[in-house]
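Work through the exercises below with the sequence and the model open. Each task is followed by a solution in steps.

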Amino acid sequence: MPLVYSVFVPHPPIIVPAIGRGEELACSATLEAYREIANNFIGDKIDTVVIISPHATLLRQGVIIHREDQINGDFASFGAPQLQIAFPAHLELAHELANILPDAFLHSEKVDHGALVPLYFLQEAGWTGKVVIMGMPIETAVYAHNMARLFKSFPERIALVASGDLSHRLKADGPYGFHPAGPQFDQAIVDALTRDPSQIQHVAVELAEEAGECGWRSLQLALAVQESMPRVLSYEGPFGVGYLVAELYRSSPLPHWARLCFETYLKEGNTKRLALPEGPEFQLQRACFVTLKKNGELRGCIGTTEPWRENLAEEIKFNAIAAGTEDPRFWPVQSDELSSITFSVDILGEMEKISTVDELDPWRYGVVVRGRGRTGLLLPHLEGIHTAEEQVKIAKQKAGLSIPEPVELWRFEVVRTLE
């Protein structure tokens, strides 16, 4: 089963009420976002959480994975010895990770606050699954690939928690004083997550070092394990340290339905035997686009600007089959390609007419151009498109309109769901 949920959370012990003793209220946005995520673990029926902690033993090459039978810890070193954390460890998954990750070592060591703080909020919410704790590797690419492959084959619902604080140098009275790199680094991270997550890996190492962060690499690893469209839930730095809570990825039944429809069509030539799913999200009447990617590259994309069918389930079914068989830019998808293809579904919001290009943002809004009875549409948040001018230019080209031609402009937001 693929990864179900992936998040980035901070780990300052002061946000735990028994330690903060009222000071945690200065981080109310962080607390609210943390508790939202913890409740989602229960709502999404997460069986196992894998925590990447930057405070576990850090190796120049390789990674440490905890090998205890039980994940136990307390906050005695922070003045709250009565606060106990206890979860069963998932030794089978720990051993599997140790087998597939380069230079990975099973090791017994004390559970650090990089893991204890996230576990506190899961315990507070009443989550009762199993836990694996691993350190933070210096290099991420090969680890991410192997972890993603393992999670896909594992028969449980797994969530990945990347633990880490951003800059520790936001204020003169903070733990490491103030440095201009502190707010610059944090702004770069937040901007990248809200606009183009691929830019996270391009942040300058010198900037990260000067900022005094401890979460950049764990964030990079989590993003690399699963393609995503992150959602920043909160960011604040009241004590001179940047606390970011972000939902990096959350599984949705919509792209899984798109895959099922397309695979059934390829095998049987129709989808008559498929019963429509009953979830409330499928009963909405919404326009949508279904996108197929093969090894990360576009392989087909078809959609509608207005809903044409009775419900979203039917809309997705029609567009999924069309995206795989009728996109004029590509040959029809063949059965032997399916293992390399991922599906995503974009649910379109209401169209809003605008007057100028200045009202667009290619990361937040898609655009529709209309002129001479022709229409061109471009979804938001597309790789390689960084300005509204580029966005409109490509939408005009898709409509067969020349660049100088005057057009009507419409913008819309989307909810993107990924496998």
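This is a predicted model: local features need pLDDT of at least 70, side-chain atom pairs count only at pLDDT 80 or more; totals for chains, interfaces and linings use all residues.

**Exercise 1.** Determine how helices H6 and H8 are oriented to each other, and which residues make their contact.

Solution. 
- Step 1: H6 spans residues 181–194 and H8 spans residues 216–225; the two pack at an angle of about 10 degrees, with axes 13 Å apart.
- Step 2: Angles under 35 degrees count as roughly parallel, and therefore H6 and H8 are roughly parallel to each other.
- Step 3: On the H6 side, the contact is made by Phe185, Ile189 and Leu193, which meet Trp216, Leu219 and Leu223 of H8.
- Step 4: Sorted by class, the contact of H6 with H8 has six nonpolar residues, no polar and no charged.

**Exercise 2.** Describe the largest cavity: its volume, its lining and the elements that supply the lining.

Solution. 
- Step 1: There are two cavities of 30 Å³ or more, and the largest holds about 60 Å³ of space.
- Step 2: Its lining includes Val7, Tyr34, Phe41, Phe121 and Val161.
- Step 3: Strand S1 (5–9), helix H2 (28–43) and helix H4 (113–125) each give two or more residues to this lining; H2 gives the most, with four.
- Step 4: The lining of the largest cavity has ten nonpolar residues, no polar and no charged.

**Exercise 3.** Which classes of residue line the second largest cavity?

Solution. 
- Step 1: The second largest cavity has a volume of about 40 Å³.
- Step 2: Among its lining residues are His66, Glu68, His90 and Val132.
- Step 3: Strand S7 (residues 130–134) gives the most to this lining, with three residues.
- Step 4: The classes are six nonpolar, two polar and one charged.

Key: Residues are numbered from 1 along each chain as its sequence is written. Side-chain values use heavy atoms; hydrogens and water are left out. Axes are lines fitted to C-alpha atoms, for helices over the stretch in contact, and angles run from 0 to 180 degrees between N-to-C directions. Angles under 35 degrees count as roughly parallel, over 145 as roughly antiparallel, 65 to 115 as roughly perpendicular and the rest as oblique. Contact means heavy atoms within 4.5 Å. Ala, Val, Leu, Ile, Met, Phe, Trp, Tyr, Cys and Pro count as nonpolar, Asp, Glu, Lys and Arg as charged, and the others, Gly among them, as polar. On a 1 Å grid over the protein atoms alone, a cavity is a set of points where a 1.4 Å probe fits but cannot get out, and a pocket is an open set with protein on both sides within 12 Å along at least five of seven lines; lining residues have an atom within 4 Å of a point. Grid points are joined across faces, edges and corners, and a volume is the space filled by probe spheres set on the points.
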